[in-house]
Amino acid sequence: MDALGCMKSLLLAATHYRAAKTASNAAVLQRSLEVISGLKLTRLFASNQILPSECLSCLVELLEDANINPSLTLSVITLLSQLALDNETREALQDTYNLTSVLSGVVHRSSTHLSDPVLLQSIQLLQKLTYNVPVFSAGANIDELISFLMQHVQHTEDELTIPCLGLLANLCRHNLSIQTRIKSLNNVKNFYRTLISFLAHSSLTMVVFALSLLSSLTLNEEVGEKLFHARNIHQTFQLIFNIVVNGDGTLTRKYSVDLFVDLLKNPKVADYLSRYEHFTSCLGQVLDLLHGRDPNSSSKILELLLAFCSVIELRHILRQAILEPSGLPVSGNTRFVTRSKTFEPSVALVHLSNQPLEGSEDCSVLALQLFKEIFEDVINSGNSASAEHFVDLLLPVLLDHLQMPEQIVDELLVKKCERMAKAINVLTNILFVDDLLKMHVSKVLTASQCTSLIEHQFTYSGIDTGFGAKGGDSKMCKLAADVILETLDLMSRLKQDVPGMEVSFYKILQDPRLITPLTFALTSDHREQVQVGLRILFEATPLPDFPAIMLGESIAANNAYRKQEAEHAAKRIQLLSPMTNVTSVRCSSSCLSSDESTTSNIQELIQKLHSGLEMKESFTGMRISDIMDVYEQKLSALASKETRLQDLLEAKAIAQAQTERLMTQYRCQRAQAESEARTLAAMLKDAERKNEELSDLLKAQRTESERAQADIEQLFQHNRKLQTVAEEYEILKKSSADHLQRIAAQLIETEDHRKELQQQLQERDGKVATLQQKIKILEEKLKTQQKEKKDMEQTIDILRKELSKTEQARKELSIKASSLEVQKSQLEGRLEEKEALVKLQKEELNKHSNMIAMIHSLSGGKLSAETVNLSL
């Protein structure tokens with residue numbers, strides 16, 4: 001069966017069960033609920049189709065019934081919990097079907113039985129529905145719900161304690177009325193003591209829920225001043241950081257991040273955190289969480305980093321941690337001291353900014369918003385050198401965001417436009433860093449890319465179909481207008497650096513379709529959008545073909561539409577109802593009110609015309625020129641009033657179109673109901689025809705019973721034959737008993753033999769045990785011998801090393817000895833040469849002495865040769 005058929009079956013089963021609460025009807029309804037739950041039709045229920053809306057209304061009505069079967073209640077809550085996983089369906093259940101009040105009633109009815117699984121499932125579903133959603137404190141059963149939650153939290157801890165704490169934290173967060181109601185209770189101090197005692201709990205989830213409640217209720221009071229005082233705040237920071245880093249799953253981390261975001265909104269707490277000495281190391285651990293996490297955890301971590309950016313000092317530290325990770329201390333849970341390049345925070349952020357559009361959590365928009373904050377801090381600090389490598393890494397991703405895919409579904413088009421606007425914001429901030437990065441951007445960005453992007457927004461977003469009040473409620477039109485103006489702002493900053501950019505820029509400024517984006521920007525509530533619109537307007541005003549008059553008319557029409565919406569807002573709120581038929585009544589009443597306002601305006605105009613004619617009759621004596629001036633003023637006033645009336649008529653036309661659309665839906669529902677009635681009539685005829693067939697079948701069964709009676713008689717005869725066979729079986733049984741006795745005797749002999757074998761086995765086991773003891777002794781000896789062997793080997797190694805050293809010393813000494821012998825031989829040779837020389841010199845001396853003696857002898861002297869030799 002298809003999905004629509006299952007939904008129809010569910011509606012039919014619910015109708016039958018409400019008409020008659022029998023066990024069979026309950027079983028059919030239970031089966032239908034299980035089938036719907038098994039099909040996982042979350043996206044189908046998120047659509048605005050009639051049949052899924054009727055199913056949701058049916059489920060809520062079943063919960064409202066106090067007499068419903070508990071098992072059915074549990075099945076309905078389980079199915080609604082499954083559907084609440086989708087954001088759109090969860091918002092519809094909260095806003096349109098008022099499921100919070102209905103579940104509060106279920107909790108109130110089930111509060112007497114704490115072990116009832118319906119109570120636990122209801123509180124858990126309420127926790128999902130109320131997360132980050134304000135709850136109307138005057139709603140039905142809300143007071144009873146708050147009383148039950150507070151009482152149960154202060155009782156003995158059980159499985160309901162954590163869900164009750166989480167639900168209370170959701171209800172109190174950003175809800176002053178519920179906070180005031182809790183503070184006005186008599187036992188609020190005991191409640192505070194219980195929450196403070198939970199801060200020492202072993203469950204981190206319990207701790208973060210208690211801290212969240214305390215921050216919501218006591219942050220600006222005396223208890224909060226003591227709890228979040230300068231003496232204690234550093235311990236609180238460390239506790240929250242530990243919960244963020246080491247939390248018990250995604251839920252705990254989600255609430256801890258929300259708690260941090262709420263605390264940073266307090267100026268004192270923000271100042272304390274900026275002076276927290278361990279913030280840099282804790283920030284490193286938080287940045288490590290960006291690697292390999294699921295999209296839910298990553299998106300919450302990015303929200304926390306954006307909250308840090310709201311404090312200037314913390315944003316500066318965050319910028320350094322992302323762009324200069326080398327100076328960031330490594331977190332304690334990492335195994336290596338140095339960070340890998342792939343695990344740098346900048347790489348992880350760029351990866352998150354390029355997530356696919358189909359993801360449930362849009363981490364890309366948060367990452368791009370964080371890039372914008374980082375570049376703003378770079379601009380303020382003037383440290384552009386640290387951003388160059390990051391820009392090289394980020395620029396291809398930003399340009400990829402500016403590319404519009406050829407085919408994209410309408411559900412993803414809004415996400416794509418949001419990413420485009422954020423990416424263009426980041427590109428614009430990069431241009432402010434320095435001229436080098438601006439030149440780098442101008443080389444990769446072309447004028448044709450910007451032009452095609454703007455043209456696509458004009459064509460496919462529906463922004464060129466009208467202006468002013470006609471597109472005022474379209475989120476897609478506002479996003480497209482934001483993308484167009486941000487792109488034009490980027491083009492204006494690059495028009496002198498990119499070829500063809502200036503021509504394309506001024507051409508788009510003179511396009512009449514630009515009126516609607518400018519109108520959205522100039523009448524926006526956001527400061528940045530107004531500033532961008534004014535910059536574009538200053539560029540476009542001097543151009544000759546700029547449609548300034550159309551822009552004025554569009555702004556006037558938009559203002560008139562907003563004024564009318566403000567006037568009728570109270571009436572809409574009073575007439576608001578979750579059911580479709582009540583919504584149609586609301587639209588018709590708003591149309592009547594607009595008709596009445598238009599009639600009153602026309603009556604005022606007629607009265608003013610009459611007053612003008614009376615003034616003409618009273619001033620017949622004035623000059624004709626004065627009379628003409630008066631009439632010109634009147635005509636100009638009438639023209640402006642006519643314009644306003646035209647705007648009111650347009651608003652009335654929109655309301656009428658809404659009414660017609662609702663009437664068309666009602667007609668479709670009625671036609672569908674008639675077709676179902678015809679189907680039921682056909683089913684009734686089929687049932688009557690089947691009844692006749694069954695009566696014929698009953699007659700045939702009677703004849704068959706007669707034949708069966710005859711068969712029974714034959715079976716009796718066959719039974720007699722079987723009795724004879726049974727007697728024979730008894731004889732065989734006796735013979736088999738004798739055979740069994742013989743077998744028993746054999747078994748006894750076998751048992752004796754088995755006992756002998758068992759005794760032998762025991763003896764052998766004893767021998768094995770003694771052998772094992774001997775083996776153990778031998779193993780111990782072997783171990784001691786091995787140990788001695790190792791010691792000997794070590795001693796031998798030491799001796800070998802000493803021997804090698806001695807051998808080396810011997811070689812060195814031998815080398816020295818050989819060198820000394822060579823020197824000795826050389827010296828001996830020289831000595832011999834010296835001795836020979838001395839001999840020669842002695843011989844020469846002797847010769848000279850002889851010659852001197854001879855000379856003295858010749859000269860008559862009596863000197864002897866020895867005397868001459870001595871004198872010499």
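Biologist: How many helices and how many strands are there in the protein?

Modeller: The protein has 34 helices and zero strands. Helices are DSSP runs of H or I with at least four residues, strands are DSSP runs of E with at least two, and the numbering starts from the N terminus. This is a predicted model, in which local features need pLDDT of at least 70 and side-chain atom pairs count only at pLDDT 80 or more, while totals for chains, interfaces and linings use all residues. Residues are numbered from 1 along each chain as its sequence is written, and side-chain values use heavy atoms, with hydrogens and water left out.

Biologist: Why is S849 called buried?

Modeller: The relative accessible area of S849 is 5%. S849 is located in helix 33, which spans residues 624-858.

Biologist: What makes S115 exposed?

Modeller: S115 has a relative accessibility of 68% and therefore counts as exposed. Its place is the loop between helix 7 (99-110) and helix 8 (117-129). The C-alpha atom of S115 is 9.2 Å from that of E159, a residue 44 positions away along the chain.

Biologist: Is S492 buried or exposed, and how do you know?

Modeller: S492 is counted as buried because its relative accessibility is 16%. This serine belongs to helix 27 (residues 475-494). For the protein as a whole, 37% of the 872 residues count as buried.

Biologist: What makes the pair of S492 and D489 a polar contact?

Modeller: A polar atom of the S492 side chain lies 2.6 Å from the backbone oxygen of D489. A polar contact is a pair of N or O atoms within 3.5 Å; within protein, one must be able to donate a hydrogen and the other to accept it, and residues adjacent in sequence count only if both atoms are side-chain atoms. The distance of 2.6 Å therefore falls within the limit. In helix 33, the side chain of S849 likewise reaches the backbone oxygen of N846, at 2.7 Å.

Biologist: Why is the pair of R754 and E751 called a salt bridge?

Modeller: Their side chains meet with N and O 2.2 Å apart. A salt bridge requires a side-chain nitrogen of Lys or Arg within 4 Å of a carboxyl oxygen of Asp or Glu, so this pair qualifies. R754 and E751 are three residues apart in helix 33, which means that about one helical turn separates them. R754 counts as partly exposed at 40% relative accessibility, and E751 does too, at 31%.

Biologist: How do you know that E693 and R689 form a salt bridge?

Modeller: The N to O distance between these side chains is 3.1 Å. Both residues lie in helix 33, four residues apart, about one turn of the helix. E693 is partly exposed at 43% relative accessibility, and R689 is partly exposed at 40%.

Biologist: What is the distance between the closest N and O atoms of E807 and R810?

Modeller: The closest N and O atoms are 2.4 Å apart, and the two residues form a salt bridge. E807 and R810 also lie in helix 33, three residues apart. Salt bridges that share partners join R315, R319, E324, E373, E376 and D377 into one network. The total count is 28 salt bridges.

Biologist: What makes the group of L12, L680 and M683 a nonpolar surface patch?

Modeller: Patch residues have over 30% relative accessible area and no salt bridge, with like charges joined within 9 Å and nonpolar side chains (Val, Leu, Ile, Met, Phe, Trp, Tyr) within 5 Å. L12, in helix 1 (residues 3-19), has 33% and is therefore above that limit. The patch covers about 260 Å², where areas come from the Shrake-Rupley method with a 1.4 Å probe and, for residues, only the protein chains shown count as cover.

Biologist: Which residues have the most contacts inside the largest nonpolar core?

Modeller: They are L305, F308 and L488, in a core of 185 residues. Helix 24 (residues 410-431) gives the most to this core, with 10 residues. A nonpolar core is a set of buried Ala, Val, Leu, Ile, Met, Phe, Trp, Tyr and Cys residues joined through side-chain atoms within 4.5 Å. Leaving aside residues up to four places away in sequence, F308 touches several others, including F241, F260 and L264; contact means heavy atoms within 4.5 Å.

Methods:
Buried means under 20% relative accessible area, exposed over 50%, partly exposed in between (1.4 Å probe, protein chains only).
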